Amino acid sequence: MLIKDRDLEQIAYLARINIDKDYFPSLKQELESILDLVKKINSADTESVKPMFHPLDLFQPLRKDEVTEKDEREKLQKNAPLSQAGLFLVPKVIEDQG
Amino acid sequence: MPELYQLTIKEKLEGLKNSSFSSLELTESYLERIKRIDPELNSYITVIEEEARVKAKESDQRYQAGSPLPLDGIPIAHKDIFCTEGVLTSCGSKMLANFISPYSSTVVKKYEESGSVVLGKTNMDEFAMGSSNETSYFGPVKNPWNNKCVPGGSSGGSAACVSAGLAAGATATDTGGSIRQPAALCGLTGIKPTYGRVSRYGMVAFASSLDQGGVLTKTAEDAAYLLKAMSGHDPKDSTSLNVEVPDYINEINQDIKGLRIGLPKEFFSMNLPQHVEKSISDALKVFEKLGTKIKEVELPHLDLSLPVYYVIAPAECSANLSRYDGVKFGYRCENPKDLDDLYMRTREEGFGPEVKRRVLIGTYALSAGYYDAYYLKALKCRRLIAGDFDNAFKSVDLILSPTAPDISFALGEKSSNPVEMYKQDIFTIPANLAGLPAISIPCGKHKGLPLGLQLMSKSLEESKLLRTAHHFQLNSDWHKSWPSL
């Protein structure tokens, strides 16, 4: 399985991880070696096999729609890299009008 | 007279009850050893000295009042993947190197309620991704049996600290072998229970359909004490099993005569090193002497395990780790110019190389056009593997194999070749894929380094695993030795 620079750029953007171009050759090689390991799954006949999402085939239990967690905004925001007036701060997302 | 750290948990509890020593004395003896030995091993990320003393004193008061809790005064350590309120919970990553957890995981709470004293949080591979503890942001852990070698991973810190007598036992997690492989490499007992037996609430997620908490201890009996304390249904984890937890401690003495132990021929046709084969055949003699029956079984799809795992685990990890975005908690890059730049540089700088590789592989396997070929196909193969176990357990009670392909290896030996490293888990991954419980116990030594064997059973039969391991340990000495430090 060959990974092209363009593929790696696209995957890295989907994963939102910036990757320095210097690492491309070694990283492509590592990822190819993992995909090479993985390709063995193609040899299995799974024609009539259902996918197994849960190791014990159990389903998600449902609970009553009740509020169980307290409002702990201040406590939780102590770990925030940047916050103000109870809000998380991020770079501006609205484009300048001109 | 053995030193305090060398006593089993049962002996420690008896000593505390008889006032042979106090919980504070026991705790101080561990803190002293940590100060002396851990700077070299690096098994702890955080030691919570003062808090441990406070808890030990509370425990002593309960003994004086004659109403001790089940694990009162037993000093343990938690893998740094279990959220602990008010304490750094780093998961071995730069991404969480400043994360003081605002709440405690169910596992941490259950140990608090059992009266145990927490000495600190142990080192680990970053986000539990690794088999050598070399991917930790906090530096590698060394194997107490040979400080040029790795302790295994991802629970390498927990394994090294228990093996060196720096805690009476430690919590750990296992997604593809992260409890059992370090147990084998450090000469310990390590049990990964059935998927859903131990709550995952507050346990930092790596691959949610595979992750399971468990323990690392010197003996199977110690493991029974700790596993009992941490197991049970938790409404806060939707995958937690609502079934009763047996009394592992009492059931451990029940006979194992007549149990049928299966040897998968696929594992034993792998060209194992001679010393590994010998340790297994010696162990089989012990099991035969104990009245068990040994027979060959077939697990025809076993060779799919590693490939299936390296689709499913990265896929789930890429989804789980999307939460680390530099906004609500954890690391954040400096001077982001826009939102995408904030995400992309935060994750570039906050994650190490192995985590990035797995997130990228997972993203690829889940991306449009590849989902069916990789992820869905792997999930179908997963059912084939689970089906193999269902069939095998029709004719045997337990399945035995080596835990790891060989003894521990030198620091740096495999870190530049991810796929070589992944092969460390070739024997342990199948149990995670099928959700089955499995235990590793010491069964030999080669070049002064421990070897381990693994037993797997049907779901929810942890008691049978502990019992079989315990009877083996009553008839062998591998678990008794301590590294000289």
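1. Buried means under 20% relative accessible area, exposed means over 50%, and partly exposed is what falls in between. The structure discussed here is a predicted model. Phe53(A) has 46% relative accessibility and therefore counts as partly exposed. This residue sits in the loop of chain A that runs between α2 (24–38) and α3 (73–77). Together with Leu366(B) and Tyr371(B), Phe53(A) makes a nonpolar surface patch of about 260 Å².

2. Asp57(A) and Arg383(B) form a salt bridge, with N and O 2.8 Å apart. This pair crosses between chains: Asp57(A) belongs to the loop between α2 and α3 of chain A, and Arg383(B) belongs to helix α14 of chain B. Asp57(A) has a relative accessible area of 37%, so it is partly exposed. Arg383(B) is also partly exposed, because its relative accessibility is 24%.

3. How many salt bridges does a search of the whole structure find over all chains? The search finds 34. As background, side chains of opposite charge can pair when their charged atoms come close.

4. In chain B, the side chains of Glu58(B) and Lys55(B) meet in a salt bridge, at 3.9 Å from N to O. Both belong to helix α3 (residues 49–64), and because they are three residues apart, about one helical turn separates them. Glu58(B) is partly exposed, with a relative accessible area of 31%. Lys55(B), at 28% relative accessibility, counts as partly exposed too.

5. A salt bridge also joins Glu349(B) to Arg345(B), whose closest N and O atoms are 3.6 Å apart. The two residues lie four places apart in helix α12 (residues 339–350) of chain B, or about one turn of the helix. Glu349(B) has 28% relative accessibility and so counts as partly exposed. Elsewhere, a network of salt bridges links Glu28(B), Lys35(B), Glu49(B), Glu50(B) and Arg53(B).

6. Asp125(B) deserves a separate point. Asp125(B) is located in the loop between β3 (117–122) and α5 (156–163) of chain B.

7. The side chain of Asp125(B) does have polar partners in the backbone. One of its polar atoms lies 2.8 Å from the backbone nitrogen of Asn133(B). The side chain of Asp125(B) also reaches the backbone nitrogen of Glu134(B), at 3.1 Å. Leaving out residues up to four places away in sequence, the residues that Asp125(B) touches include Cys91(B), Gly130(B), Ser131(B), Thr135(B), Gly153(B) and Ser154(B).

8. Ser367(B) is placed in the loop between α13 (353–366) and α14 (372–392) of chain B. Its relative accessibility is 13%, so Ser367(B) counts as buried. The side chain of Ser367(B) reaches the backbone oxygen of Tyr364(B) at 2.7 Å.

9. Is helix α7 (residues 220–230) of chain B mostly covered or mostly uncovered? Helix α7 of chain B is mostly covered, with ten of its eleven residues buried. Among the buried residues are Glu221(B), Asp222(B), Tyr225(B), Leu226(B) and Met230(B). Gly232(B) follows this helix and has a positive phi, near 130°.

10. Ala205(B) is in the loop between β5 (189–192) and β6 (212–217) of chain B. With 11% relative accessibility, Ala205(B) counts as buried. Not counting residues up to four places away in sequence, Ala205(B) touches Asp211(B), Asn320(B), Leu321(B) and Arg323(B).

11. Ala56(B) is found in helix α3 of chain B. Its relative accessible area is 0%, so Ala56(B) is buried. Apart from neighbours within four places in sequence, Ala56(B) is in contact with Ser23(B), Leu24(B), Thr27(B) and Val117(B). The C-alpha atoms of Ala56(B) and Leu436(B) are separated by 36 Å, and these residues are 380 residues apart along the chain.

Notes. Residues are numbered from 1 along each chain as its sequence is written. Chains are lettered from A and ligands numbered from 1 in the order in which they are written. This is a predicted model: local features need pLDDT of at least 70, side-chain atom pairs count only at pLDDT 80 or more; totals for chains, interfaces and linings use all residues. Side-chain values use heavy atoms; hydrogens and water are left out. Patches are made of residues with over 30% relative accessible area and no salt bridge: like charges are joined within 9 Å, nonpolar side chains (Val, Leu, Ile, Met, Phe, Trp, Tyr) within 5 Å. Accessible areas come from the Shrake-Rupley method with a 1.4 Å probe; for residues, only the protein chains shown count as cover. A salt bridge is a side-chain nitrogen of Lys or Arg within 4 Å of a carboxyl oxygen of Asp or Glu. Buried means under 20% relative accessible area, exposed over 50%, partly exposed in between (1.4 Å probe, protein chains only). A polar contact is a pair of N or O atoms within 3.5 Å; within protein, one must be able to donate a hydrogen and the other to accept it, and residues adjacent in sequence count only if both atoms are side-chain atoms. Contact means heavy atoms within 4.5 Å.
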